[in-house]
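Dear colleague,

Here is the structure I promised to pass on to you. Please look it over first, and then read my notes below.

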Amino acid sequence: PVYDEVLELCVSKKLGVPAKAVTDPEFYQGLTYVDYQEEQSVLSMWMKHHAGMKAVDLDVRLYVMDAQAISKMILSGAGAGVLPGHLADKLVSAGEELQIMKGSGKPLHNTISIAYLEEKTLTPAAKAAFDFLKSNILKK
């Protein structure tokens, strides 16, 4: 693993969602969401971990492909969504009206790994990215 991030379910404070720890599936089924993919894999993973929901049928209003776009949709009040913890913390520190849901209280980790075939030559862009990761992340 090169990085281990915590995934947080976040919502705009404008929506008035209770800030207490909640593990009740019915509570989460009553919210609207934004997610990364139509398969809702990230959202489903959070729901399974924090609320024990195996089959997730949630009201997802919008799908976008990156965390920055998800954060903008959450802050606009479009719905709740999952963000990497470091981004959620950065937004809260910047004074954004973002609420991090407590869920079960046990963090959901997303381990990030990198793999490549040593026999294959990396493209210059891939080599630069790998060198950056080795020098900035792998040493920490």
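In helix 5 (residues 124–136), Asp131 and Lys127 are four residues apart, which means that about one helical turn separates them; helices here are DSSP runs of H or I with at least four residues, strands are runs of E with at least two, and both are numbered from the N terminus. This is a predicted model, in which local features need pLDDT of at least 70 and side-chain atom pairs count only at pLDDT 80 or more, while totals for chains, interfaces and linings use all residues. Residues are numbered from 1 along each chain as its sequence is written, and side-chain values use heavy atoms, with hydrogens and water left out.

The side chains of Asp131 and Lys127 form a salt bridge at 2.8 Å, N to O, the term being used for a side-chain nitrogen of Lys or Arg within 4 Å of a carboxyl oxygen of Asp or Glu. Asp131 is partly exposed at 32% relative accessibility, and Lys127 is partly exposed at 44%, where buried means under 20% relative accessible area, exposed over 50%, and partly exposed in between (1.4 Å probe, protein chains only).

By this rule there are two salt bridges, and one of them joins the side chains of Asp59 and Arg61 at 3.1 Å, N to O. Asp59 is partly exposed at 33%, whereas Arg61 is exposed at 57%.

Asp59 and Arg61 are also among the residues that Thr32 touches, leaving aside those up to four places away in sequence; contact means heavy atoms within 4.5 Å. Thr32 lies in strand 2 (residues 32–35) and is partly exposed at 21%.

Best wishes
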